[in-house]
Amino acid sequence: MSTSWQHALQALPTTPEKIPVFFFAHGSPMLAFAREERGFGGPMAAYHGPEGPLAKFLADFGPTLLKKYKPKGIVQQILSLINAKDKPVTDYAENPLLMDYYGFPPDFYQIKFKSRGDSKLAQRVVDLYRQAGHKARTTIVDESRGEDGRGFSGPGLDHGVFVPFRIMFGEEFTDIPIVQVSIDASMDPEKNWEAGKALAALREEGILILSGGLTAHNLRDRTSFAPETAGELHKEFDRAIHDALGVASEKERKTRMIALTRHRGFRASHPREDHFVPLYVAAGAGEGGRAETIVDLYGLASFVFGI
């Protein structure tokens, strides 16, 4: 199963002078522990668990990024803080963890991932946003990020960062800083595309831009999470994503990507846009270059932009 993505990772250009931008499936807390309980068993747990394809991909993905690009820092775009009127940028000396999930066994709340932030990088992100006309600010460790759309509040990296990063980089990763940046709270594809464009200069400054989400995420219908159980509408939308990303013309690709949230199968896979619109941030930051698929698995697709 892993041959295709290993080939795609090996084929990535080694261009530390202008690092590509990646959208990748960040998964769920099940990446840390596989449990056949509380409704998290069956194909979903097998597909998204620590022995599933996503975990295996992430274990290859992280080391490849470090080897090819030798980044000075990582900017991770992640889910919006819905109540925020600006774009919060984390500025922590040591990144705390926000366990922004519920209903899992106790050991899911004991996950460890040690990393650090960087005030200079955080301020650079804020400056780039402001120069492009966006509101942005840093948020420090003793300041709550504010309640997000799922009802969680508090400081720290959320599960879309620390859950996959501990597989990608190890449980202790302090060599380079990590700064977490909110997507645009409107969840509008065009606005998030523009938010990504605002940060494109980081690519030539040795900063790796990662954008985490999922191409299928419907907690109201967990059949959406695995190919064995997904319905035809789920799969039709998944095919539409790949068709849009596969268009050679950048202008046409953008048009078709923006239209994805209006696809008839979109709501079957995404009751809310929050896990999908990080795709537009990555595409905006990588505008002006080619787009390619790294992982072509149902619901776990990962893409590279700006190559």
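Lys70 sits in the loop between α3 and β2, where helices (H or I, at least four residues) and strands (E, at least two) are DSSP runs numbered from the N terminus. This is a predicted model, in which local features need pLDDT of at least 70 and side-chain atom pairs count only at pLDDT 80 or more, while totals for chains, interfaces and linings use all residues. Residues are numbered from 1 along each chain as its sequence is written, and side-chain values use heavy atoms, with hydrogens and water left out.

Most residues other than glycine have a negative phi. Lys70, although not a glycine, has a positive phi of about 45°, and because its relative accessibility is 63% it counts as exposed; buried means under 20% relative accessible area, exposed over 50%, and partly exposed in between, with a 1.4 Å probe and protein chains only. Met187, in the loop between β7 and α6, also has a positive phi, near 60°, in a residue other than glycine, but Met187 is buried, with a relative accessible area of 13%.

Strand β2 (residues 73-78) is mostly covered, with six of its six residues buried. Gly73, Val75 and Gln77 point one way from the strand, Ile74, Gln76 and Ile78 point the other way, and all are buried.

Two strands are taken to pair if DSSP finds at least two bridges between them. Five bridges join β2 to strand β8 (residues 207-213) in a parallel arrangement, and Gln76 has Leu210 of β8 as its bridge partner. Strand β7 (residues 178-182) likewise pairs with β2 in the parallel sense, over five bridges, and here Ile78 has Ser182 as its bridge partner.

Strand β1 (residues 21-25) is largely enclosed by the rest of the structure, because five of its five residues are buried. Both faces are covered, by the criterion that Val21, Phe23 and Ala25 on one side and Phe22 and Phe24 on the other are all buried.

The pairing of β1 with strand β10 (residues 302-305) is antiparallel and rests on three bridges, with Phe303 in β10 as the bridge partner of Phe23. Four bridges join β1 to β8, and these two strands run parallel; Ala25 stands opposite Gly213 in β8.

## Aromatic rings

The whole structure contains 13 aromatic pairs, where rings of Phe, Tyr and Trp (its six-membered ring) pair if their centres lie within 6.5 Å, and planes under 30 degrees apart count as stacked, over 60 as edge-to-face and the rest as tilted. The rings of Phe57 and Phe61 have centres 4.9 Å apart and planes at 25°, so this pair is stacked. These two residues are four apart in helix α3 (residues 53-69), and are therefore separated by about one helical turn. Phe57 counts as buried at 1% relative accessibility, and Phe61 is buried with a relative accessible area of 1%. Phe169 and Phe173 also form a stacked pair, with 4.5 Å centre to centre and 15° between the planes, and both are buried.

Ring pairs link Trp5, Phe22, Phe24, Phe57, Phe61 and Tyr69 into a cluster. As for charges, Lys87 lies over the face of Tyr129, at 5.4 Å from the ring centre, a charge being over a ring if NZ of Lys or CZ of Arg is within 6 Å of the ring centre and within 35 degrees of the ring normal.

The structure holds two cavities of 30 Å³ or more. On a 1 Å grid over the protein atoms alone, a cavity is a set of points where a 1.4 Å probe fits but cannot get out, and lining residues have an atom within 4 Å of a point; grid points are joined across faces, edges and corners, and a volume is the space filled by probe spheres set on the points.

The second largest cavity has a volume of about 40 Å³, and its lining consists of Trp193, Glu250, Arg253, Ala283, Gly286, Glu287, Gly289 and Phe305. These residues divide into three nonpolar, two polar and three charged, with Ala, Val, Leu, Ile, Met, Phe, Trp, Tyr, Cys and Pro counted as nonpolar, Asp, Glu, Lys and Arg as charged, and the others, Gly among them, as polar.

## Residues apart in sequence

Glu190 lies in helix α6 (residues 189-198) and counts as partly exposed at 37% relative accessibility. Glu190 and Met257 are 67 residues apart in sequence and 10.0 Å apart in space, C-alpha to C-alpha.

Notes
1 Å grid on protein atoms, 1.4 Å probe; cavity = no way out; pocket = protein on both sides within 12 Å on 5 of 7 lines; lining within 4 Å.
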